[in-house]
Amino acid sequence: MNTFVNRSDELGQLNAVLADRNGGRVVVSVHVVAGTAGAGKTSLVLHWAHQVKDQFPDGQLFVNLRGYDPGEPVTAAQALQRFLRALGVAPAEVPQDVDDAAAMYRSLIADRRVLILLDNAATVSQVRPLLPGGGDSLVVVTSRSRLAGLSVRDGAHRITLGTLPEPEAVALLRAVTKGYRPEDDGDKLAELAHLCARLPLALRIAAERAASRPHMRLDDLISDLRDESALWDALSTGIDDEAEAIRSVFTWSYRALPTHSARLFRLLGLHPGAAFSLPVAAALGEVTLSRTRQLLDDLVGAHLLEQTAPDRFQFHDLLRAYATDLAQAEESSDQRQAARRRVLSWYVHAADAAQT
């Protein structure tokens, strides 16, 4: 069953790429679709690729680079070997040297119009050897990172995929549960969507849970999700948990963080609210403002936080619950208490300063 919910704005941006190219511009085009774990980047790109396949008469090349999987990521050299075999090169003739393989690859597609999909990239080094050197092919990369190096050096255009608007989130819930349970109340579906932070992956998991229990009241699932201690159990399909549980998806992003950024992320889970300022984050992490700004930039770049204004940040609800769980698991009781005292002290001093 196709339950893709139309992201009309993002699809329009991708379609505009083709309009530009059909208008006569012949350049190597690279587009990065970036967004938080579970935002539906792969689903969007594959849906769009199916719609436009006729405009790429020489075919499509796809590889999952597994940049955030628990195991080893796919290297550029490994991806090149797969692409060259797909382009008709006999395995024995595929160069082992990555530069030689990249040169052969670029030569083969120079006069072709191919759509190249590089899914789940974590670093620029995974992507750059897979870019054509010229011709009329198009590269679309999905990543949880902004991959800024591709914009600076390779002229990549970035589309940031946020959470779904509420109407589309509710439509996704209805699409997955249709035919399995009676028509659920729209207001309750909207509440369920909010509790899932309107993330497509979380919405699909919650909807599959509801669909598999047609006699379960939506109120009961909502109640489970309100209780953060039961959140991760509620958002699990019960099968293939490593691939489907959203906790695992967030964990893959978290493990890719530098050590100090990871520690700040989990300490931010101790903050009493989802939104906070740069000085509050500095107090929690017990580091300077300039260093905190660097660490927060890491977290925003990994789409584990959202920046809402200058020096203002916020969590998605599910990511905040995840950070809180990490703080409980990886910080000692004394460390958690010390962090809470630091942030409480900051608020007390800020309140005193406001009154003087």
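How many bridges join strand 1 to strand 5, and in which sense do the two run? I looked this up first: five bridges join strand 1 to strand 5 (residues 157-161), and the two strands run parallel.

**Basis of the entries**

I worked on a predicted model, in which local features need pLDDT of at least 70 and side-chain atom pairs count only at pLDDT 80 or more, while totals for chains, interfaces and linings use all residues. I number residues from 1 along each chain as its sequence is written, and side-chain values use heavy atoms, with hydrogens and water left out. Helices (H or I, at least four residues) and strands (E, at least two) are DSSP runs, numbered from the N terminus. Two strands pair if DSSP finds at least two bridges between them.

**Entry: strand 1**

I then checked strand 4 (residues 138-143), which pairs with strand 1 in the parallel sense over six bridges. The bridge partner of S29 in strand 4 is L138.

I next checked burial (buried means under 20% relative accessible area, exposed over 50%, partly exposed in between, with a 1.4 Å probe and protein chains only). Seven of the seven residues of strand 1 are buried. Both faces are covered, with S29, H31, V33 and G35 on one side and V30, V32 and A34 on the other.

I placed G40 in the loop between strand 1 (29-35) and helix 2 (41-51). G40 is partly exposed, because its relative accessible area is 22%. Not counting residues up to four places away in sequence, G40 touches L161 and P200; contact means heavy atoms within 4.5 Å.

K178 lies in the loop between helix 7 (166-177) and helix 8 (186-195). K178 is exposed, since its relative accessible area is 65%.

**Entry: positive phi**

Most residues other than glycine have a negative phi. I therefore recorded A197, which is not a glycine and has a positive phi of about 60 degrees, and which counts as buried at 9% relative accessibility. A197 sits in the loop between helix 8 and helix 9 (200-211). H303 also has a positive phi, near 60 degrees, and is a residue other than glycine. I found H303 in the loop between helix 16 and strand 7, buried with a relative accessible area of 12%.

**Entry: helices 14 and 16**

At what angle do helix 14 and helix 16 pack? I read an angle of about 85 degrees between helix 14 (residues 259-268) and helix 16 (residues 289-301), with their axes 9 Å apart. Helix 14 is therefore roughly perpendicular to helix 16. Angles under 35 degrees count as roughly parallel, over 145 as roughly antiparallel, 65 to 115 as roughly perpendicular and the rest as oblique. Axes are lines fitted to C-alpha atoms, for helices over the stretch in contact, and angles run from 0 to 180 degrees between N-to-C directions.

Helix 14 makes the contact through H260, S261, L264, F265 and L268, and helix 16 through R291, T292, L295, L296, D298 and L299.

I found helix 14 mostly covered, with seven of its 10 residues buried: S261, A262, L264, F265, R266, L267 and L268. Elements covering these residues include helix 13, strand 6, helix 15 (278-285), helix 16, helix 17 and helix 18 (333-355).

In helix 13 (residues 246-255) I looked up S253, which is buried with a relative accessible area of 2%. Leaving aside neighbours within four places in sequence, S253 is in contact with A37, Y68, R144 and L304.

In helix 17 (residues 317-330), I listed L318, L319, A321, Y322, A323, T324, L326 and A327 as buried.

In what order do the strands of the three-stranded open sheet stand? I recorded the order 6-8-7, with antiparallel pairing. Strand 6 (275-277) and strand 7 (306-309) stand at the edges with a single partner strand each, so one side of each has no neighbour in the sheet. The twist averages 35 degrees from one strand to the next. Strand 6 pairs with strand 8 (residues 312-314) in the antiparallel sense over three bridges, and Q314 in strand 8 is the bridge partner of A275.

How values were computed: Expected span 1.5 Å × (residues − 1).
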